[in-house]
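Open the model in your viewer and keep the selection tool ready.

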Amino acid sequence: MTPPIALPAPVQDLAVAAADRLGWRGTVLPEMTFLGRKVNVVAELLPDVHAERICLGHEPVTDRHAVSTWVWPEFNGLVPEQAVRITGVISVQRHWRTGLACTVPFLRYCDAAVVLPTPAVMTDDYVDNGLPRARAYGVAVLSAEPEAVVSVDLAGRGDRMFAGFDANYRWLGELAYEQLLGL
């Protein structure tokens, strides 16, 4: 049994470097657990909607059950608009399987990327299994070296259509909105 591969830098530093390297616009938020997956969300504040929500007193709503009703047809036009645009999600992991498990569910809403330590991308398992799966799903893969230096190992696929807004997307947007206001 081999010891686990260590991350070469803090998760936040690697996520920021990855978003910059991929050219994703927005702020890289601190790592959060969403639906059991640890990810860093990259989100942009929509200034017009944010100003309107301030004027109307609509603060972020992070209660999942309350937000889940916002997509009901009878609430159309009665709930606050989403004040952030989710650019993508980044998962910093030690192994490609965990990284894909954390990011693939988000592909219906936005782009996704996995950051792996360089020794993890130099394995036969990654080359034979991880790389083809990441390519098939359209997940970007970046390798990380010390000092938060990242390089693109596989560019993600940006030509896909994203699903419409559902309750989970609205909830993720409200969580990201709360974090953006707290920065």
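Select glutamine 93 and serine 91. Their side chains make a polar contact at 3.0 Å (N or O atoms within 3.5 Å; within protein, one able to donate a hydrogen and the other to accept it; residues adjacent in sequence count only if both atoms are side-chain atoms). This is a predicted model: local features need pLDDT of at least 70, side-chain atom pairs need 80 or more, and totals for chains, interfaces and linings use all residues. Residues are numbered from 1 along each chain as its sequence is written, and side-chain values use heavy atoms, without hydrogens and water.

Glutamine 93 sits in the loop between S4 and H4 (DSSP runs numbered from the N terminus: helices, H or I, at least four residues; strands, E, at least two). Is glutamine 93 buried or exposed? Its relative accessibility is 13%, so glutamine 93 counts as buried (under 20% relative accessible area, 1.4 Å probe, protein chains only). Now show its contacts beyond four places in sequence: they include Leu7, Lys38, Thr98 and Cys102 (contact: heavy atoms within 4.5 Å).

Next, select H4 (residues 96-103) and H6 (residues 124-137). Their axes come within 10 Å and cross at roughly 10° (lines fitted to C-alpha atoms over the stretch in contact; angles run from 0 to 180 degrees between N-to-C directions). H4 and H6 are therefore roughly parallel (under 35 degrees). Trp96, Arg97 and Leu100 in H4 meet H6 residues including Asp125, Tyr126 and Arg133.

Last, select H7. Aspartate 166 caps its N-terminal end, with a side-chain oxygen 3.3 Å from the backbone nitrogen of asparagine 168. Buried residues in H7 include Trp171, Leu172 and Leu175. Their cover includes strand S3 (37-45) and helix H2 (47-56).

Definitions and conventions. Parallel < 35°, antiparallel > 145°, perpendicular 65-115°, else oblique. Buried < 20%, exposed > 50% of the residue type's maximum accessible area, 1.4 Å probe, protein only.
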